[in-house]
Amino acid sequence: MDSQINKEISVSVSSSELKSCSSTERALEAAGMYTLSWSPDQDLFKCCKRTSYVLDLAFVDASCGVVDFLDCIDPEDRYSVQSAFLNCQESGSISETKFRLVDFNSEEPLAYSLKLWRVDLESDSRKFTIEGYFQAYEEVDAYKDQIENQVSLIDTMLDRSITPSWIASADGVMLKENKAYREFSSFGLESGTGKFAGEYSLFNDKSLQTEQFQKLLNRCFDDHQVVSWALSDQYPNAENNLDYTITLDPIVSETKELQFVLIRYQSDLEAKLNEKTDHMKLLLDMVKAQVWYLDTKGRVVDYNGLAAKETGLQHRQIIGGTIMSLASNWDDPPRRYLETLNVIKTGVPQLGSIQSYTSNENRHWASVDKVPLKNELGEVYGLLMFVYDITQLKSKEKALKESEDRYRAFITTSKDAIFRIDIQPGISEKLNPEEQLEQLLKQGTMMEFNEAFLRIHEYANKNSLYRKNLGSIDQTGFWSELLHKFLQQGFLIENYEWKKGQGSRELWTSTSIIGTVERGNLIRIWGTQRDITERRRHLMQLEYQADHDHLTGLPNRNYFWKKIGNVLQSSRAEGAGAGLLLLDIDRFKEVNDSLGHFCGDTLLMKLGERLDRLPKYQHSFVARLGGDEFAILLERLESMEQAKRFAQKLLEVIRKPVELAGLNVEVGGSIGISLFPWHGEDGAKLLRCADVAMYQAKGQSTGYAVYNEDLDEYSPERLSIISDLGQALRNNELSLHFQPKIDLKRPLEEIGFEALIRWNHPTLGPIPPGRFIPYIELSDMIRPLTLWVLESAMCQWKAWKDQGIISKVSVNLSTRNLIDDSIVRDVSTLMQRYGVLPWCLELEITESAIMTDYNRALKVLEKLHELKVRLSIDDFGTGYSSLAYLKRLPVHSLKIDLSFVQSMLQSEPDEIIVNSTITMAHNLGLEVVAEGVEDHQTLEMLQDMGCDQVQGYYFSRPENAETMTTWIEENFKAKGLKKLFMNSENTK
């Protein structure tokens, strides 16, 4: 195998190099290849210095695994390289592949060709080494071509060599000698072909013909090694002895059989001269340019490797040729030839001549230097020509010009303003921003800008701005303000918005600028500027719509919360009081039901106009919170009496008749009053107290009422629960329990769960939902609580789905959720986040929640229905809803209240209600869920009635997710539910 590799690199490794190499690895390194080895039993990876350098590894011959080598390889090529190692390890055959190294500084990493072979150690087949090398891939083809012409190259080199050399066969018979040998041998010009090698000696010392020479020859034959012997002898007719070295190089076949021996005689003086010549050739071959050595006639005397590669010709075709014959594909070869002769004639070098030629139908460019060679007398005896390929440079120049053209076109046609400010002299970055700004306004000059910049800044033409310093054009203070921020932020500012003008002349711009610093000085500023007036107007319109009620034009609940936060903050700082009045329109529902919703909306618009025109009490603020509910915020309140007087004035305005559909309609109002800081320190507490007071006013028919803690039956517990819930959400005190819902039609195939919230209070202990949910529904905590339940339920659904459990999950919505459009967006966002299938999510709504504000609830339900989630009416039968309303709702199922289910075995009326509800629901195309199933008799009766789903302690109590997962494994997946559908006598 080593012989095959030696054969491949024989073209690039000289005999002298092979002589100095102790192994194939050294030979490969001498050939300029990157060597490596790997011992699998020890996972010991080694490489030479050249390899560690190109791999950017910090070790050489260190103990590292092959994984370190794989990490240096482009990720797309690692598999093929790893396969090559494994194939070589398992089969013992040579493995080859191609790969690229990781190179963050190059868009197209250099490709390499890798060859590996296995070397068994001793007699233990388990101990072996994978050795190999790699080289730049574009060099592989060149080596293959050279290998194919090896024999002819050896002949050519032998004939042209001035060193006496000859070739002998394996049996020691002379096969071929060169001219130098014949001239200096004892045979004169007679050929030695066919003679025994030991008889055909160059020197007079005939002892070399026998014993000594035969030892050298046998060693070369037997060991396949390069051998040499230094001696002192003389040429024929020479007076003095000379020191010489005999070198015998074995030439072997692919089967490792010795074919020939190349024998060379070389004096020490010649060796040194040849060594220098070899070094010079190597140096010229390393030059990244074609090097040509021409005589005084312009004919080629010598050349380097790159020159030969570019011509694609053999040595005999190159030597003696001229530019006319070797560069016929160049532009105007006769002219180039005359230029060469002119340099030889005049002795004046020609440098940097740009010339072009065609290769493979592609245009190439080169920079050519022609340097005459002169002797001590100044006479020209030859010429060196260096040809540098600048095709890539030309391409880059062309690309740069095209880029500049595109840049100019972009600046000219851009709708955004683009400008450049030059600063001469530069401003030191060590100065403070104030000093920098002062110099910048004086030394900064407008040097480049487009038409958009002139239009935005209202300049008549370029002359009014070009080469003007910034201080002279800063009429509005724009540049001072912009550049001051720019200097403070380290020579960079992005999307700085600035406004000038008012009304129809209002202009908003967004500016981004960046500075260029050289040697610690700011020398240039680039900037872009965009007219964002329309965007700002659109944004302000969106902000107005987000903060104002679309019906009345008054601030909405969102704006109200912003306002009350600011008001309370300033009141707290000033030590002043504030008041919150919560107004609810009396008999508004009667107007809706009697005259229709259009008239109801008209009533709200007219009342909103009256409230907005109400003479302001000091600083008052009016907002519509939703439905027929309005909030009035009073700032700098000095006494409770001031709030009462304002409430009375407010009621007088509300009670004035409103013309609707040709009728004069009178409505009233109920107002609840809460005061800061007496009734609460924040907006939520004030709103809750005002809400309690408003219901006190309704119940007492007094028109308005101030919050009275003695009349608040839920205080302080109610306030404590509401305030503690936010802490509970943050501290993870809340949890979800799940109760299974069994499909009676397919009890062993489908299963659903109702998500039920649980609160473990740190001081009060477990708090049942019925104790805190009613409080929360009256506060703004209902939305974050609902979001938490929805997200926790969907997260658990996804966890079950990842375990292979496909289920349905139900979540309860409150009254406040059904009058808040944001619930639709929240549900949609969470479904997308957790990948919940629409049919796997069911939202349960109570009858009472729907009937509180039927029309608004209907709109929200229709939007939820568009998401394709399932909708269910919970606690059906307790809300006194009419069928007229029920049939319009986009629901999928009814859930019979457990009070009817649990007592239907003992109460015939309850049995009739349950049976009638199931029949009615099926006639409306709805499914029926019965909750409260606690025994087998109830289950059988519901099955006989055709109930669709059941839920209750008979199957499982509500449990946490971990316990419920175990329940699924034991009962559902193992079909353990079957026993629940069996009585003592038969199986349902």
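**Helix packing and selected residues**

Helix 36 passes helix 37 in a right-handed crossing, a term meaning that the near helix is turned clockwise from the far one by less than a right angle. The model is predicted, so local features need pLDDT of at least 70 and side-chain atom pairs count only at pLDDT 80 or more, while totals for chains, interfaces and linings use all residues. Residues are numbered from 1 along each chain as its sequence is written, and side-chain values use heavy atoms, without hydrogens or water.

Two packed helices are described by the angle between their axes and the distance between the axes. Helix 36 spans residues 908-923 and helix 37 spans residues 936-945; helices (H or I, at least four residues) and strands (E, at least two) are DSSP runs numbered from the N terminus. The axes of this pair come within 10 Å and cross at roughly 40°, where axes are lines fitted to C-alpha atoms, for helices over the stretch in contact, and angles run from 0 to 180 degrees between N-to-C directions. Helix 36 is therefore oblique to helix 37 (under 35 degrees is roughly parallel, over 145 roughly antiparallel, 65 to 115 roughly perpendicular, the rest oblique).

From helix 36, Glu-911, Val-914, Asn-915 and Ile-918 meet Met-941, Leu-942 and Met-945 of helix 37, contact meaning heavy atoms within 4.5 Å. By class, the residues of this contact are five nonpolar, one polar and one charged (Ala, Val, Leu, Ile, Met, Phe, Trp, Tyr, Cys and Pro count as nonpolar, Asp, Glu, Lys and Arg as charged, and the others, Gly among them, as polar).

The chain continues beyond this pair to Asp-948, which lies in the loop between helix 37 and strand 36 (949-951). Asp-948 counts as buried because its relative accessibility is 9% (buried is under 20% relative accessible area, exposed over 50%, partly exposed in between, with a 1.4 Å probe and protein chains only). The side chain of Asp-948 makes a polar contact with the side chain of Lys-745 at 3.1 Å, and also reaches the backbone nitrogen of Val-928 at 2.8 Å. A polar contact is a pair of N or O atoms within 3.5 Å; within protein, one must be able to donate a hydrogen and the other to accept it, and residues adjacent in sequence count only if both atoms are side-chain atoms. Leaving aside neighbours within four places in sequence, the residues in contact with Asp-948 include Ile-742, His-922 and Leu-926.

Arg-557, Trp-561, Ile-564 and Leu-568 in helix 22 meet Gly-683, Ala-684, Leu-686 and Leu-687 in helix 26, and the contact comprises six nonpolar, one polar and one charged residues.

Attention now turns to the backbone. Most residues other than glycine have a negative phi, and most peptide bonds are trans. The bond from Phe-676 to Pro-677 is cis, with omega near 10°, and Pro-677 is found in the loop between strand 26 (668-676) and helix 26 (683-700). Another cis peptide bond joins Gln-424 and Pro-425, with omega about -10°; Pro-425 belongs to strand 16 (residues 417-428). Arg-587 is not a glycine, yet has a positive phi of about 60°. Arg-587 is partly exposed, with a relative accessible area of 42%.
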